[in-house]
Each structure stands twice: as C-alpha cells, then as structure tokens.
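Look over the structure before reading on.

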Amino acid sequence: MQSSLNKLISDQTLVKLSSFIDGKWLPSRNHFSVYDPATNNKLADVSDVQATDVEIAIQAAYRAQENWSMLSANERATIMLKWFDLIIEHQEDLATLLTLEQGKPLMEARGEISYGASYIQWFAEEGKRAYGDVIPANSNGQRIVVLKQGVGVVAAITPWNFPNAMITRKAAAALAAGCSFIVKPSELTPLSALALAELALQAGIPKGVFNVVVGTEAKAIGQVLTTHPLIAKFSFTGSTAVGKQLMAQSATTVKRLSMELGGNAPFIVFDDADIDAAVEGVIASKFRNAGQTCVCTNRIFVDNKVKHQFTEKLIASVRHFTIGSGLESTVNIGPLISKAAVDKVEALTSDAVRAGASVLIGGTRSEYGQNFFMPTVITNVNNEMAIAQSEIFGPVACIIGFDKEDEAIEWANATEYGLAAYFYSQNIKRIWRVADVLQFGMLGINEGIISNAAAPFGGIKQSGYGREGSKYGLDGYMQTKYLCLGGLA
C-alpha cells in the first residue's frame, strides 16, 4: 500500500497517516485513500477524521492559545526558526512527498518547500515588530496607548495545488502573532500537511498550537470551523463559490476573515515590450504546476503589431516541454490533479474551437496518462469565450489580439476577479499609467513570478480580501486594543 512512500522517502518519520491534534496523532476507524495523480497508484490510506472530532482540535487550540500568546515574540520566534530549519533540512523528502501526492515536477516541489519555509522565517522575525502606538491625547491627564494582540484561535482550509506553502504562509503569521492554529488540508494532498505537523512537533511547538485535521467530510468540517464560537479567525484559499458559502457561515459568529479566492489573470504584451522577456514571463506564470495556480495567467492580450512574433516564440518554447511524472528529472509538465480537471480543460478548449479559436499546438489529452493534458496555445480567442472567463487551471495559453492600450485595459478588467495581472512594457509612462487602472490586487510588471514572503499576497473584487505575507499579513492575525489612561495630571 505504501510502497512508493517506503521506497522514496528516506526519513519515514515524515510519513504520517492520521490527524495531528493536541500534540498527538489521532487514528480513526474510517480511512480514505491518497493517490499519485501521475500513475493513479495508491500511496496510502489515511485516517478519516469526522466532523465531531474537530471539536477536540478546537478545544486543544483554545487551551494552548493563552500560554502561546503569553510567550514573548522572541521566544515564539526561536521555536518557529527551529521549525524552519527542520523543513529546510528535510527539503528533499518533503518535495518528494509533495510530488507524489500532488504531481508537480520535483524541481517545482523543491521550490515550494523553500518558498513555504520562507514564510516561517519571515514571520518569526516580523512578529517581533508588531508595533503599537502612543497617541497624543487631548488632555494632559490622559495617555492614549494602542496595543496589537493576537486574535485568538485561527482555523484555515487550504487547497491541493500548493499543499505545503498554502499552510505555512497562514500558520506562520498566526503563530508569530500569538495565535494557535488548526488547518484542514485538501483530502487529495494531506501527506504534506501531516509531515509539517511532524516537524512542528520535533521543533518544540507546544501541543495544541499547531493542529492538522484530515478528512473527506469537507463541508461538515468547514461548517464546524466557520461557526464555532471559540474560533476567532477563519482563513480560506479556494474557489469563490465555496468562499462565499464559508463567509456566510462565518457571519454567525462575526469572525475575522481572510479569503484568497478565484482568479482570471490577464497578461498584456504591449508593442514596446521585450518580446523574449514576455515569452519567458508567460512560460513562468502560465505553465508552472501545469497551469494549476491561483495567480496563473489565464488570458494573454498581445498588441497585434507584435502578436505574430510573440506567438511564434511562445510556440517554440512550449515545444520544449517534457510531460510525465514529476519524479522524472527531465519533466517540467506534470499531471493535473484528477481526471475531472482534465475533463474541464478539454471541454473549455473544445468550446473555444467551436466558437472560432484555433489550436496552434497541443489541445488534446496526453498519451502519458488519464490525468495529463498537452501544453497548449490557442489563438483567435475573444474575451467573451468561456475559456477567457473561466479559471482554466490547466496548461492552456489563450492569445487575444488588441489594437489600442485602452482596449487591452478594458478587456483585462472585464472580469469579476481581481487577484493578479501581468503586463510587459519598456515605456515608464505607460507602466505607471497602466498600473494605476488595472483592477487587481497584485501586478507583475515585466515579471512573471510575483510571490514572496515580503510582499502582500491577495486580491480585490471577488478574488477575496486580506493579505498573506509581509507586514500586512501579520496585521490580519492581530487585533487593535486601545488603552486610555486617565488621572495622570
């Protein structure tokens, strides 16, 4: 059952198969299976926590939160940095585990482990800088003091596409702020989360401060996490539709929320762009993780004066992709997470062709396996097609020509989403002009990779609210307390 895990993971202490609650592993009678999306081979059977068991995690986190918050920021940082060191020490095993359950190429998986760990390192230090204020009062007999304190118990639900980093960038901020943390990872990729829990235990994070509940009752578990009165904040990364449901549930207890929801990122190539750099940016922002990222380029708007040149160079780059299992060193396009994901990408591509689009390369399933789709470039797309208005989540690049700057901006903004956008230009006046009017929370300007721990990650419109990473990310896990000291004159 666990042959791949036994063979490929050198430190078997990282292979955990049950929820981690209150510093202990919680087995159950029921189990669910985790599969390698590249081969569809079963990796493991994991204990399936029930929604009623989540109460145990909440009570444990609530008990642990007070003592954790009473530690100094420096004491919390010392423990968190031990966690960071252990993650880096076990990077290769963690990356292999991630590739096995999620599918992305091993090189990308190594990058995710490093990226995820960087949030722990960043927030361990940033927690020491949760500054308050002393505000001049209107009276000589008063002093106004503002403190920042952790909000309390934090719960989160994270997706399968970044099963390590989506957890660490939430947990790191929560722990640095003095909050305890409960996460429900995707049932498709629970092993990475449980390995993080094992390393948190080894690092000395106190019991109850970091908890992982794994199970298939996603809706029921989400109901508990969003409505329980002991949980002060809820954080979610996933689809806008699910996010709206979770927001409504959270309203019953007026929880603090941060939501990173759907995206429909435009990528604009102006006629004064460095075309080679723009192609490189598309490759990075479109095809990473086989197109399964929330900030993934979804619509590529190219000035018609350079469209042919850009398209030819993009096709030449796409031809060099190698499809296969992410464990193979030469592979740079792995599987999609499931057959249903492939079905969706195929349907969107076929619909676009019926509506007049042209496939220049790819456009079909891959013979490698049922979860693989060929890297694809489509042209003659318009902004009203379903493929341009849906989050593709697959390796399909859609090219839309434009003639005027205003036209490109109007089309780019014509979406209910506002997570990320990209554009390429060498004209500094245009750069500032376009940056001012694009309605997205993050902009990559002559850059296709925009995420890092020092930057505020998050969107606007129906892509959610709140920020992860940076000093703004720490603020989301803290509350402001105002102290009015009187009788001092």
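## The helix 10 and helix 11 pair

This model is predicted. Helix 10 and helix 11 are oblique to each other. Helix 10 covers residues 275-287, and helix 11 covers residues 307-318. Their axes come within 10 Å and cross at roughly 50°. That crossing is right-handed.

From helix 10, the contact uses Ile275, Asp276, Ala278, Val279, Val282, Ile283 and Phe287. From helix 11, Gln309, Phe310, Lys313, Leu314, Ser317 and Val318 meet them. The residues of this contact divide into nine nonpolar, two polar and two charged.

## Alanine 61

Alanine 61 sits in helix 2, which spans residues 54-70. Its relative accessible area is 0%, so alanine 61 is buried.

Not counting residues up to four places away in sequence, alanine 61 touches Val153, Ser180, Ile182, Gly208 and Asn211. Take glycine 208: 147 residues separate it from alanine 61 in sequence. In space, the two are 4.6 Å apart, C-alpha to C-alpha.

## Threonine 158

Threonine 158 is found in the loop between strand 7 (153-157) and helix 6 (165-177).

Neighbours within four places in sequence are left aside here. Threonine 158 is then in contact with Met166, Ile167, Lys170, Val183, Lys184, Pro185, Ser186 and Thr237.

Note on methods
Residues are numbered from 1 along each chain as its sequence is written. This is a predicted model: local features need pLDDT of at least 70, side-chain atom pairs count only at pLDDT 80 or more; totals for chains, interfaces and linings use all residues. Side-chain values use heavy atoms; hydrogens and water are left out. Helices (H or I, at least four residues) and strands (E, at least two) are DSSP runs, numbered from the N terminus. Buried means under 20% relative accessible area, exposed over 50%, partly exposed in between (1.4 Å probe, protein chains only). Contact means heavy atoms within 4.5 Å. Axes are lines fitted to C-alpha atoms, for helices over the stretch in contact, and angles run from 0 to 180 degrees between N-to-C directions. Angles under 35 degrees count as roughly parallel, over 145 as roughly antiparallel, 65 to 115 as roughly perpendicular and the rest as oblique. A crossing is left-handed if the near helix is turned anticlockwise from the far one by less than a right angle, and right-handed if clockwise. Ala, Val, Leu, Ile, Met, Phe, Trp, Tyr, Cys and Pro count as nonpolar, Asp, Glu, Lys and Arg as charged, and the others, Gly among them, as polar.
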